[in-house]
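Here is a friendly note to read alongside the model. Please keep the structure open while you go through the points.

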Amino acid sequence: MTRKPILLFAFPALILFLLAAERIAAFLLGFYPASPAMWHVWLELRPYSTMFWQQVNFYLGGSIALDTAIILVASAACWMVCHAKRSAGFFLANHAALLFAGLMIAAGSHSETASTIATFTAPRGLQFSLMIDFSWKNSLVLCLGLAACAYCHVAFLREAKLRAEARAARILALRHDL
């Protein structure tokens, strides 16, 4: 099985697409604030990226042009990493996208829509709760992320095995020559 860069880029591209779609919906919502369809689209995309864009806007200022530049730079970086010869780059890109998706889903979940609420107790008795919305959309994104992660692991391990086999063949050839 050879590594297919487009498959390695698919999940980070999906996450970047969700970020871009939310920004586009927010931009269009500014032009059409009375449109129920725009509100519906924006509310559907909001849980995936709200916390991220709030932090970006807080530290870098709120600008759609800057948001677009961030998405384009991240897309180009992920594309180049997935096409690089070294396997550590695509490994990190896919795992960062999966962690980002999980974090955004967990941070964007609300208690009124949460299907799983777990309460944890800290060592000194302080309780806090973790609320995660496992809707079909969030579950689909996480399943796609896990599938991308599995493909990434298979490609990474396959390349490591091929390198080890090539090294063993060279060592055997050197032993034979000596």
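1. **What you are looking at.** This is a predicted model, in which local features need pLDDT of at least 70 and side-chain atom pairs count only at pLDDT 80 or more, while totals for chains, interfaces and linings use all residues. Residues are numbered from 1 along each chain as its sequence is written, and side-chain values use heavy atoms, with hydrogens and water left out.

2. **The overall layout.** The chain has five helices and two strands. Helices (H or I, at least four residues) and strands (E, at least two) are DSSP runs, numbered from the N terminus. Starting from the N terminus, the order of elements is α-α-α-α-β-β-α.

3. The chain has 178 residues, and 28% of them count as buried. Buried means under 20% relative accessible area, exposed means over 50%, and partly exposed lies in between (1.4 Å probe, protein chains only).

4. **Contacts along the chain.** A contact means heavy atoms within 4.5 Å. If you take the contacts between residues at least 6 apart in sequence, 67% join residues at least 24 apart.

5. **Helix α1 against helix α5.** How do the axes of α1 and α5 cross? Helix α1 covers residues 5-31 and helix α5 covers residues 136-177; their axes come within 8 Å and cross at roughly 150°. That makes α1 roughly antiparallel to α5. Here axes are lines fitted to C-alpha atoms, for helices over the stretch in contact, and angles run from 0 to 180 degrees between N-to-C directions. Angles under 35 degrees count as roughly parallel, over 145 as roughly antiparallel, 65 to 115 as roughly perpendicular and the rest as oblique.

6. **Who touches whom there.** On the α1 side, the contact is made by Leu7, Leu8, Phe11, Leu14, Ile15 and Leu18, and on the α5 side by Val141, Leu144, Gly145, Ala148, Tyr151 and Cys152. These residues divide into eleven nonpolar, one polar and no charged. For this count, Ala, Val, Leu, Ile, Met, Phe, Trp, Tyr, Cys and Pro are nonpolar, Asp, Glu, Lys and Arg are charged, and the others, Gly among them, are polar.

7. **Helix α1 against helix α3.** Now turn to the packing of α1 with α3, where the axes are 9 Å apart and the angle is about 175°. So α1 is roughly antiparallel to α3. The residues of α1 that meet α3 include Leu8, Phe9, Pro12 and Arg23, and their partners in α3 include Asp67, Ala74, Cys78 and Cys82. The contact of α1 with α3 divides into 15 nonpolar, two polar and two charged residues.

8. **Arg23, a charged residue to look up.** Leaving aside residues up to four places away in sequence, Arg23 touches Trp53, Asn57, Ile64 and Asp67.

9. **Asn94 in helix α4.** Asn94 is found in helix α4, which spans residues 87-108. With 2% relative accessibility, Asn94 counts as buried. Not counting residues up to four places away in sequence, Asn94 touches Leu8, Phe11, Pro12, Ala148 and Cys152.

10. Ala74 lies in helix α3 (residues 64-83) and is partly exposed at 25% relative accessibility. Ala74 and Pro12 are 62 residues apart in sequence, yet 9.2 Å apart in space, C-alpha to C-alpha. Lys4 sits in the segment before α1 and is partly exposed, with a relative accessible area of 41%. The C-alpha atoms of Lys4 and Cys82 are separated by 8.7 Å, although these residues are 78 apart along the chain.

11. **The cysteines.** How many disulfides are there? A disulfide is a pair of cysteine sulfur atoms within 2.5 Å, and by this rule the count is zero. Take Cys78: the closest cysteine sulfur, in Cys82, is 6.2 Å from the sulfur of Cys78, too far for a bond. Cys78 is buried, with a relative accessible area of 16%. Cys82, in helix α3, is buried at 1% relative accessibility, and Cys149 also counts as buried, at 14%.
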